[in-house]
Amino acid sequence: MNSRERMLAIAVGACGLLLGGYFLQSFVAGQFTDRRHRIESLEGDLRKLKTEALRGKQAVARLGEYEARSLPPQPEVARSLFQSWLLEEVGQVELIDPQVRAVSTINEEDVFIKQSFTITGKGNLQQLVELLHAIYRHDYLQRISLVSFKPIKESKLIDATITIEGVSMLSAAPATQLTPRASQRLALPTRDDYLKVILGRNLFGPPNNPPKLASIGKQRVYTGRPADFQAKGTDPDPLDRVQYALTKSADPAARFDAYSGQFRWTPKSPGEYQFVVQASDDGYPSKSASETVTISVTEPPPPEPVRPTEPPPPPKLAFDDAKYTVLTAVLDISGQGEVWLLIRPKGQTLKLHAGDKFEIGSIKGVVAAIGESDFTFASGGKQRRLAKGDILEQAKEIAQSGELE
């Protein structure tokens, strides 16, 4: 083999080695690639299994939460308890013509039962906000699916319809009552926070105008005597009502009526006292007006000396029988004098003897003496004589000869 042939053989051998090395490297690289793809596939499957396992744990936890919040699994018991609870909450806010009706019951694939209820009634915006808050602050397995508010003309009332759904998990433990749970769904901490936000927007009316409070002025009163005045407020909004309050009181004993605005207070010592009266309306949001009332208290003046008073004259009779009484007879019966007085209006005859007392109309007296045709009697500290045929009221006064009883 010459040198040329030797060189050719070496070249051919080298090419063979290179080609074999290439195929060997390709085979080895392919095996590594296949293994890497297999590993990546297995890692993907593992991730999927972990995700499914996590979702399973989350589903189990969620199912446990649903079971804890669930209404009782017995449909009739759940309906009765949930409807009674809704009626109680509606009654707390005092809606007008309230009704809570069970509407439908749906069994979802033997997993849970969904029951729908409709609440209807009339109330103002504050009452409806309080009702919605009362529902949402309980963490039962429930949701409100419909809210319809329609303002009633010439009124602050709203015609409300609310549809609410309650769910019973069939896997929940049987129960005979609802277990209260505090809800975590509310963004604001208290009901008043919601009232402030929602009522302040005045969704169903024009901007609220503040009331006007009539001037009361400075008051003056004596110690020990009652001081009273009445606050009078008006509101430019015809549907608003005004109520009153003492936001500052110089004496806790003062009394103030929130509806009539009547103030009553009896001061015990002199000085100047200040009270702040506030009139507030029931618009959304509520507006108010106030006035500071100063009451000046002084000691009462000394009483005036008591002057003697004359005794009042005797009352006049509407009908005086003495004007129509006549002396009709003067008799001597067994040595004893007797006089007959005819009281014409009554048709009666009064028979009297010496010493007898009588009272006819305006004449009151005692028989002193009886003559042949007259008699004398004492009346009002005076002595008078009445002759036969004369009227008693016209008896003549005569000079007294002595004390007569």
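Me: How many bridges join E2 to strand E4 (residues 158-169)?
Reply: Strands of a sheet pair through backbone hydrogen bonds, either parallel or antiparallel. Here 12 bridges join E2 to E4, and the two run antiparallel. Two strands count as paired if DSSP finds at least two bridges between them. Strands (E, at least two residues) and helices (H or I, at least four) are DSSP runs, numbered from the N terminus.

Me: What kind of model is this, and how are its residues numbered?
Reply: It is a predicted model, where local features need pLDDT of at least 70 and side-chain atom pairs count only at pLDDT 80 or more, while totals for chains, interfaces and linings use all residues. Residues are numbered from 1 along each chain as its sequence is written, and side-chain values use heavy atoms, without hydrogens and water.

Me: Where is confidence lowest, and where is it highest?
Reply: pLDDT is the predictor's confidence in each residue, from 0 to 100. Where pLDDT is low, the predicted coordinates should not be read in detail. The protein averages 87, and 95% of the residues score at least 70. Confidence is lowest in helix H1 (residues 3-69), with a mean of 78. It is highest in strand E2 (residues 112-123), at 96.

Me: In what order do the strands of the E2 sheet lie?
Reply: The order is E1-E2-E4-E3, in an open sheet of four strands with antiparallel pairing. Strand E1 (96-108) and strand E3 (142-151) are the edges, each pairing on one side only. Neighbouring strands are turned by 15 degrees against each other on average, direction ignored. Axes are lines fitted to C-alpha atoms, for helices over the stretch in contact, and angles run from 0 to 180 degrees between N-to-C directions.

Me: Which helix lies across this sheet?
Reply: H2 lies across E1, E2, E3 and E4, and runs at about 20 degrees to E2. Contact means heavy atoms within 4.5 Å.

Me: At what angle do H2 and H3 cross?
Reply: The axes of helix H2 (residues 75-93) and H3 cross at roughly 145 degrees and come within 9 Å. H2 brings Trp-85, Glu-89, Val-90 and Val-93 to the contact. H3 brings Gln-127, Glu-130, Leu-131, Ala-134 and Ile-135.

Me: Which helix packs with H3 at about 135 degrees?
Reply: Helix H4 (residues 191-201) does, with its axis 10 Å from that of helix H3 (residues 125-136). That makes H3 oblique to H4. Angles under 35 degrees are roughly parallel, over 145 roughly antiparallel, 65 to 115 roughly perpendicular, and the rest oblique. H3 passes H4 in a right-handed crossing. The H3 side of the contact includes Val-129 and His-133, and the H4 side includes Tyr-194 and Ile-198.

Me: Why is one side of E17 and of E21 left without a neighbour in the sheet?
Reply: Strand E17 (357-360) and strand E21 (396-398) stand at the edges with a single partner strand each, so one side of each has no neighbour in the sheet. The order is E17-E18-E19-E20-E21, an open sheet with antiparallel pairing. Its neighbouring strands are turned by 40 degrees against each other on average, direction ignored. Within it, strand E18 (residues 363-370) and strand E19 (residues 374-379) pair over four bridges. Val-366 stands opposite Ala-378 in E19.

Me: Which strand runs parallel to strand E6 (residues 219-222)?
Reply: Strand E13 (residues 288-298) does, joined to E6 by four bridges. Val-221 has Val-297 as its bridge partner in E13. Strand E12 (residues 271-281) pairs with E13 in the antiparallel sense, over 10 bridges. A hairpin joins E12 to E13 through six residues.

Key: A crossing is left-handed if the near helix is turned anticlockwise from the far one by less than a right angle, and right-handed if clockwise.
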